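Good morning, and thank you for coming. Please look at the model on the screen while I describe its overall build and one residue inside it.

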Amino acid sequence: MELLVDTHTHTVASGHAYSTVRENAILAYERGMEAICCADHGPALKGGAVDFILTVLTAAPDVMEGVRVFNATEANILDFEGNTDIPERFMRCTEFAIASLHDIVIDPGTKEQNTNAMLGAINNPYVDVIGHPGNPYYDVDREALVREAKKLDKLIELNNHSFIYRKGSEPNCKDFLALCKKHDVRITVSSDAHICYRVGNFDMVKEALEEADFPEELVVSRNLKAFSSYIEERKNRLKG
Ligand SMILES: [Zn+2]
Ligand SMILES: [Zn+2]
């Protein structure tokens with residue numbers, strides 16, 4: 001399976017990442033990729049990038065260095081209702097939005113509270129996907145999240161970074177894959193790169209997709225055509 005879109009990458013605007021959007025685009029191009037989402041952190045994470053979302057990427061060309069760069073964000077989930085740190089006036093500027101629980105921002109609650117946080121966030125009309133939902137630090141009802149994604153025509157993220165840095169994520173990520181296959185729910189694959197050299201690094205998730213014999217048509221980030229068609233669908237959804 002080819003995976004030509006990376007829907008979760010960070011730049012220096014996140015405060016703790018080390019490449020510019022141009023460097024990320026250059027590496028993506030060199031690796032034969034078609035698109036990336038520039039998804040910097042919201043302001044609740046120290047150094048987060050809310051102004052950047054509005055002032056830089058909205059003024060930047062859609063295509064940089066031969067790669068389509070989608071204007072995205074990774075919002076922080078702030079509470080167990082699933083409110084995030086990106087206000088609507090900024091969300092309106094995004095083409096794609098991730099919402100995530102981060103340990104610096106919110107301590108884990110009970111499984112029910114964590115689940116409510118993710119369900120609340122994915123019900124935000126601008127949020128497309130929950131970031132690294134397999135992180136074992138936040139115990140969650142995976143089937144409930146997958147069913148909600150199905151109901152809302154949204155996505156589940158398979159995050160390569162989780163397999164490496166969020167210890168204990170692997171079985172949870174594999175369970176998400178099995179549930180998505182069972183319920184016919186679409187996924188997106190991401191590197192969560194914090195430096196350009198990791199853009200498009202999908203080694204671990206590729207293995208998991210193969211092991212699960214995961215249907216290619218459920219991977220919206222397999223190429224730019226499939227991802228653009230999801231983005232079109234999102235625009236129409238937001239128009240109501
Ligand atoms: Zn994150
Ligand atoms: Zn991230």
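Helices (H or I, at least four residues) and strands (E, at least two) are DSSP runs, numbered from the N terminus. By that rule, the chain has nine helices and eight strands. This is a predicted model: local features need pLDDT of at least 70, side-chain atom pairs count only at pLDDT 80 or more, and totals for chains, interfaces and linings use all residues. Residues are numbered from 1 along each chain as its sequence is written, while chains are lettered from A and ligands numbered from 1 in the order in which they are written.

I begin with the whole chain. Its C-alpha trace spans about 40 × 40 × 35 Å along the principal axes. Two residues are in contact if their C-beta atoms, placed from the backbone, lie within 7 Å. Of the contacts with a separation of 6 or more, 79% are between residues 24 or more positions apart.

A residue is buried if 20 or more other C-beta atoms lie within 10 Å of its own, exposed if 12 or fewer, and partly exposed in between, with C-beta atoms placed from the backbone. Of the 240 residues, 50% count as buried.

I turn now to Ala99, which is found in strand β5 (residues 96–100). Is Ala99 buried or exposed? Ala99 is buried, because 28 other C-beta atoms lie within 10 Å. Glu74 is 25 residues from Ala99 in sequence, yet the two are 5.4 Å apart in space, C-alpha to C-alpha. Beyond its neighbours within four places in sequence, Ala99 is in contact with residues including Ala75, Ile77, Val127 and Ile130.
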